[in-house]
Amino acid sequence: MSEKAKQNKYMNFKEIAAYSLGLFGFQAIVGLLNSYQAEFDGSILGANVTIVAILILVAKILSAVADPIVGGMVDRSKSKLGKFKPMIIYSLLPLLIFTALVFVKVPFEAKSFGQYAWIFITYLIWSIAMTMGDVPSQGIASALTPDPTERTNVVSISNTFKQIGFSACVVIVPIVCLIIPGGSKVFGFEGETDTPMIASEYLGTAILTALFGCILFALIPLINKERVRVESQEKITTKDMFKALKDNKPLMLVIVSYFLGFGRQMAMGIQVQAATVILGSQNLVAVLGIVTAIGSMISMTLCPVLIKKLNEKRTYLILSIYGFAASILSFVVGHFWFENPKNIVLTICFYASLFLIGLQFGAVTLMPMIMTADCVDYYEYETGKRMEGAAYSILTLTIKVCLALGTAVGLVFVAQSGYYEAMQTANESITPEFELSTKNIIFFAYTAVPGILALLSTIPMFKYDIYGEKKQKISEALKERRNSAED
């Protein structure tokens, strides 16, 4: 490849910003439900959270049927807008409506069939709407630029915004609490600092997040261009998609690795409960989220540098092994800090350890995106077919199921810790004091379990080989093939 080709840049600042802000907005919605839905269902609706966790997991598995359908529609799209952008547009309205409906205080009796049916149906429809936006917004990354280096940089930048967006609820919640009458008590303006959120604050947060998120998400189809457009010549069925996964061994390794590391999604799923137990108020969840998010942003910023120096495979392995060590260290530090919360040295070490945990998250938020794009190139190189929709529908299906599974397992730990018993026996307006065992169990689920599973996720990646010279060879061959087709 010539030096000029290597230096060619296809995307301008406006496009990179639009894609990044679009993912930010979309993930703000996803992060809100992941962090607050179970707590809303338990504390406001009075539902059994273990049952809610099961319903969320079942809804995710059922909605997974939509992933290959959406992926097939994307791959077969003949729209003048491109493969990916129409589906993003179709997702906006249902995403907006059902994000709010999930947080409506319905007049069903607590723990009744009607209540659980409402929780399940609204979340299932929201999950399908989320799939309609998720598959194309992830898949379009492989079509924004034909240059793999530029693509890696764009994915790195956009996924940093994506990660920030996923944690945006910890900023939006305080804003809504200050706007809604009585919400200012949450932050101590009227004397109390540990007052639980009320129903109107949950709904207000949902409406604000949905509007804000959908407006930003709409920037992707409005501004971004699809530069890599290889038309599918035949109808692609669900069977074809999974055959493509079977034939695409590198993609299979990425997917299996993600499943094995599902526990890394657990922390976000129980972050509200962890903040309540560890810091004394669910409204201080921003403290936990921001400390870890800073480390996560640094990790994703450094990923392109590490890839350039080490390659994709080594970067993933190093970050995952490091994540295991950092997570175990944080749990040990937390255990001693819970026993001596006024010890300044332990307090500093506790928050420092949460920051260190965040440094691993490039492996779970960024690397699968980069590797999947490379696997799409590999499949086109081997077969002549470019199936971004299929590949990214499988990836997003995996991400959603792992997110739901991580949340469900995390909530089981929370339920077994005695958390909800303590919340129910306390005064309704004041967060209770928790037993040391409750803190240890929840923090074990928040740190150690994700770390152990991060280490487990490295096993398949030892066989991954789309990096270095092989990746460069594929990129050059595809470039020549496309140039020949244009001539």
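# Exercises on a helical chain

M87, I88, Y90, S91, P94, L95, F98, T99 and L101 of helix α5 meet W118, T122, I125, W126, A129, M130, M132, G133, P136 and S137 of helix α6, where contact means heavy atoms within 4.5 Å. This is a predicted model, in which local features need pLDDT of at least 70, side-chain atom pairs count only at pLDDT 80 or more, and totals for chains, interfaces and linings use all residues. Residues are numbered from 1 along each chain as its sequence is written, and side-chain values use heavy atoms, with hydrogens and water left out.

## Exercise 1: the pair α5 and α6

Sort the residues of the contact of α5 with α6 into nonpolar, polar and charged, and state at what angle the axes of the two helices cross.

*Solution.* 

Step 1. Ala, Val, Leu, Ile, Met, Phe, Trp, Tyr, Cys and Pro count as nonpolar, Asp, Glu, Lys and Arg as charged, and the others, Gly among them, as polar. The residues of the contact of α5 with α6 then divide into 14 nonpolar, five polar and no charged.

Step 2. The axes of α5 (residues 85–101) and α6 (residues 113–139) come within 8 Å and cross at roughly 150°. Axes are lines fitted to C-alpha atoms, for helices over the stretch in contact, and the angles run from 0 to 180 degrees between N-to-C directions.

Step 3. Because of this angle, α5 is roughly antiparallel to α6; the cut-offs are under 35 degrees for roughly parallel, over 145 for roughly antiparallel, 65 to 115 for roughly perpendicular, and oblique for the rest.

Step 4. The crossing of α5 and α6 is left-handed. A crossing is left-handed if the near helix is turned anticlockwise from the far one by less than a right angle, and right-handed if clockwise.

## Exercise 2: the pair α20 and α22

Which residues of α20 and α22 make the contact, and what is the hand of the crossing?

*Solution.* 

Step 1. The axes of α20 (residues 388–416) and α22 (residues 436–456) come within 8 Å, crossing at roughly 155°. That angle makes α20 roughly antiparallel to α22.

Step 2. α20 passes α22 in a right-handed crossing.

Step 3. F413, V414 and Q416 of α20 make the contact with I441, I442, F444, A445 and V449 of α22. Seven of the residues in the contact of α20 with α22 are nonpolar, one is polar and no residue is charged.

## Exercise 3: the whole chain

*Solution.* 

Step 1. There are 24 helices and zero strands in the chain. Helices (H or I, at least four residues) and strands (E, at least two) are DSSP runs, numbered from the N terminus.

Step 2. Of the 487 residues, 60% are buried, that is, under 20% relative accessible area; exposed is over 50% and partly exposed in between (1.4 Å probe, protein chains only).

Step 3. The average pLDDT, the predictor's confidence in each residue from 0 to 100, is 83 for the chain, and 88% of the residues score at least 70.

## Exercise 4: V30 and T372

State whether V30 is buried or exposed, do this for T372 as well, and list what each touches.

*Solution.* 

Step 1. V30 is found in helix α2 (residues 13–43). V30 counts as buried because its relative accessibility is 4%.

Step 2. Leaving aside neighbours within four places in sequence, V30 is in contact with W126, M130, F166 and L403. W126 and M130 are also among the α6 residues that meet α5.

Step 3. T372 lies in helix α19 (residues 367–383). At 0% relative accessibility, T372 counts as buried.

Step 4. Not counting residues up to four places away in sequence, T372 touches L251, V254, A391, Y392 and L395.
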